Amino acid sequence: MATPTKTRGRGATEDLAEPAGPVAASAPPAAAPPAPVVFVLYAYCLPVRGARRSVVCDLQRQLLHFIPDALYEILIEHRGKTVAEIKLHYRHECDTEIDEYFEFLEREDLGFWCDDPESFPEIDLSWDPPERITNAILDVDADSVHDYPDILGQLDDLGTKALEARSFHRCRLDELISLLAAAAHGRLRSIELVAGYGEELTSEALEGLAGDWRRLSAILIHSAPAWRRRRWTIARLGTSVEYVTETIDSPRCCGKIHPGQLAVNLETFAEARRFNTCLNRKLAIDARGEIRNCPSLPRSFGNVREVSLHSALAHRDFPALWSVNKDQIAVCRDCELRYVCTDCRAYLTDAADRYSKLSSCTYDPYTATWNSPAADAAAGSAHDAQGEIR
Ligand code: SF4
């Protein structure tokens with residue numbers, strides 16, 4: 001088995017293999033420069049410890065690499081040490097495993113060898129965008145009487161960047177257009193549309209919508225007939241479109257955790273370390289116009305027809321759940337996925353405890369298994385593609 005020393009010595013070997021010229025023929029061969037001795041993870045590859053295993057989150061390539069806790073310990077507690085120093089620390093009882101670990105890190109391209117690790121500072125994980133509200137949900141049903149221009153204008157004033165608009169009923173095309181038209185001139189960067197299937201919502205019509213309204217980042221059509229089931233991305237626009245047969249007819253369809261929905265990116269990671277990954281800087285307007293932290297939470301801060309979003313946001317209790325982060329939540333605090341996972345404070349394992357785990361998650365960080373066959377299968381295929389070692 002190749003040792004890290006041999007592997008990282010590749011550069012030195014190439015130096016020695018330089019063709020000997022006239023000078024080299026008569027002069028003594030120059031000594032090869034010493035190989036770099038410290039392995040440094042790329043700044044965007046961040047290890048997170050869990051109860052049973054750990055993970056390296058590659059936030060640039062959006063990949064997870066599951067690793068043993070022992071490797072986490074080497075990466076964190078022995079950061080900046082040479083391999084020789086690390087082996088000595090473990091009294092040379094784990095030399096083979098340590099070699100395998102560094103071989104793995106090299107193979108997966110998670111870092112590099114160097115002599116001056118102090119020259120590579122850690123990535124800045126502070127999270128403090130200027131917007132008062134970064135994301136919003138607007139729910140709609142057949143009985144909703146929303147004033148779209150007014151609501152979208154207020155969200156724009158608050159600096160909202162992302163909107164999820166969810167229609168629980170079967171929609172006509174003109175209903176979707178009236179919503180999108182209200183957002184045409186604001187600063188929203190992305191709109192995700194969820195709508196019930198109606199005959200007008202053909203794939204051609206949806207592609208046309210995406211072409212006309214460039215901020216549309218995703219369209220999900222629920223309650224579609226089985227023959228419509230399909231998922232694709234409009235390549236020239238980057239908009240994802242999907243027909244699903246499941247019915248989304250109330251906010252209760254939200255708050256599900258699935259391995260395929262983990263968000264492996266710098267923004268989520270940085271936010272999750274301090275804030276709630278669902279509710280932080282979020283504002284929701286339910287189908288009746290009630291302003292809430294989330295449409296599934298019981299507390300209303302007034303109706304948007306009578307209270308401005310600005311006033312609702314100024315209520316001292318409005319941000320109360322924003323700072324409930326995964327490090328404070330039972331079970332999640334021991335989960336290696338806690339900084340790439342979303343959250344939900346509406347459906348909890350203990351409704352009386354705001355720090356209890358959300359009820360829809362079937363992952364058990366103490367056994368590292370998803371206790372639902374579908375999630376486990378999805379996690380298995382994801383791990384296969386993500387270079388897992390145990
Ligand atoms: S236990 Fe479930 S909800 Fe909690 S961080 Fe892990 S995957 Fe997410």
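Start by selecting D58 in this predicted model: D58 stands opposite L63, a residue of strand 4. Now widen the selection to strand 3, residues 54–58, and to strand 4; the two pair in the antiparallel sense over five bridges.

Next, bring in strand 2 as well. You're now looking at an open sheet of three strands in the order 2-3-4, with antiparallel pairing. Strand 2 (45–49) and strand 4 (63–67) are its edge strands, each pairing on one side only. Turn the view to follow the twist, which averages 25° from one strand to the next.

Now click on V55. Leaving aside neighbours within four places in sequence, V55 is in contact with V48, G50, L64, H65, F66, I67, E336 and L337. V55 also belongs to the largest nonpolar core, a set of 82 residues. To see other members, color C57, A136, L138, A165 and L193: together with V55, these have the most contacts inside that core.

**On to helix 7**

Select residues 148–157, which make up helix 7. Which of its residues are buried? Pick out I151, L152, Q154 and L155. Look down the axis and you'll find these four on the same side of helix 7, because they cover an arc of only 160° around it.

What covers the buried residues of helix 7? Show strand 6 (135–140), strand 7 (162–170) and strand 12 (282–285), then helix 8 (173–182) and helix 11 (309–314); the cover includes all of these. Before you leave, click on G159, which follows helix 7 and has a positive phi, near 85°.

**Last stop: the parallel strands**

Select strand 8, residues 190–196, and strand 9, residues 216–222. These two pair in the parallel sense over six bridges.

Finish by stepping across to strand 11, residues 239–243. Strand 9 and strand 11 run parallel, joined by four bridges. Here, click on L220 and E242: E242 is the bridge partner of L220 in strand 11.

Note on methods:
Residues numbered from 1 in each chain as written. Predicted model: local features only at pLDDT ≥ 70, side-chain atom pairs only at ≥ 80, totals over all residues. Core = buried A, V, L, I, M, F, W, Y, C linked by C-beta atoms within 7 Å. Buried ≥ 20, exposed ≤ 12 C-beta atoms within 10 Å, placed from the backbone. Contact = placed C-beta atoms within 7 Å. Pairing = 2+ DSSP bridges. Axes fitted to C-alpha atoms, helices over the stretch in contact; angles between N-to-C directions. Arc of directions from axis to C-beta.
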